[in-house]
Amino acid sequence: MKNLFAECRNYLRLGVLAQAAACLLTASAIAGAGVLPAAAQTPEMETVQMYIGETAYAGRSILYEDTTYIELGEFTAELNVCRRSWDNVTETAFYAGDGIAMTVTDGLPYFVANKRYLWCENGVFADESGVYVPLRAAAKALGADVEWDAETFSARVIPGTAPILSGDQFYIQDEVYWLSRIIHAEAGVEPFLGQIAVGNVVLNRVRSEIFPDNIYAVIFDREYGVQFTPIANGTIYNTPDAEAIAAAKLCLEGYSISHEILYFLNASLAENFWVPNNRPYVMTISGHDFYS
């Protein structure tokens with residue numbers, strides 16, 4: 001993977017964006033840990049015409065897996081003057097500007113803006129020479145909107161009045177506290193998408209008429225017996241790691257693998273098979289089967 005990233009960086013320095021896009025796809029497929037297909041194809045690079053308001057955008061914008069990606073430094077320069085620094089050890093870029101602070105780590109399926117976790121379906125690509133993230137996520141971070149014109153194959157960015165609201169104001173701490181704990185206790189050894197799926201189950205139950213209407217009540221629901229094993233064995237009180245907290249915040253931002261799933265179990269460990277015997281199967285992620 002490191003060799004692939006290094007090759008991409010060399011192409012970027014030479015300005016050969018077609019080769020960079022191809023490397024980006026292959027490297028991200030390996031780094032995405034379930035986010036991207038295991039076997040990535042190498043598409044021909046397509047550029048996207050972009051506008052900031054009515055002005056043509058001169059920065060780099062490419063189509064990657066049906067998503068418009070931009071180089072974040074160039075994009076922020078158009079909307080918000082940002083200082084940038086780079087940490088070689090963690091392969092993380094830091095941006096700081098008027099009302100905005102962003103952290104982008106190479107290979108992750110999200111980046112952080114003002115302590116908000118923004119999902120990037122196909123991952124992010126970052127090094128000391130450039131940082132590529134999806135246009136819509138970057139625009140959201142900076143408080144802008146994006147309009148897509150399929151006929152002209154172009155994107156128009158409508159600048160906003162302020163960057164994204166801080167996570168300190170957006171997230172309800174009690175929700176993060178309990179959602180991250182159930183994710184960690186139920187899926188701490190699962191891949192990241194498996195952790196998000198467990199969070200989706202909890203939030204789908206909150207929205208369902210047949211379950212309680214808040215996260216705490218769903219987790220501790222005992223109407224038909226204990227709903228989640230960690231409530232019975234006490235692991236719900238274990239301290240979640242950073243990955244579980246990130247998964248919880250992404251779920252609270254609205255990212256969902258499935259709005260259908262309401263139940264899950266590990267068939268190799270389960271003692272009660274009411275769920276697979278009575279509920280429609282939806283999908284499997286690693287050790288967990290999910291049902292609607």
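Colleague: What makes Glu253 and Lys140 a salt bridge?

Modeller: A salt bridge is a side-chain nitrogen of Lys or Arg within 4 Å of a carboxyl oxygen of Asp or Glu. The side chains of Glu253 and Lys140 meet at 3.5 Å, N to O, so the pair qualifies. This is a predicted model, in which local features need pLDDT of at least 70 and side-chain atom pairs count only at pLDDT 80 or more, while totals for chains, interfaces and linings use all residues. Residues are numbered from 1 along each chain as its sequence is written, and side-chain values use heavy atoms, with hydrogens and water left out.

Colleague: Why is Lys140 called partly exposed?

Modeller: Buried means under 20% relative accessible area, exposed over 50%, and partly exposed in between (1.4 Å probe, protein chains only). Lys140 has 36% relative accessibility, so the residue is partly exposed.

Colleague: What makes Glu253 and Arg116 buried or exposed?

Modeller: Glu253 has a relative accessible area of 17% and Arg116 one of 5%. Both values are under 20%, so both residues are buried.

Colleague: How do you know that Glu253 forms a salt bridge with Arg116?

Modeller: Their closest N and O atoms are 2.4 Å apart, which is within 4 Å, so the pair is a salt bridge.
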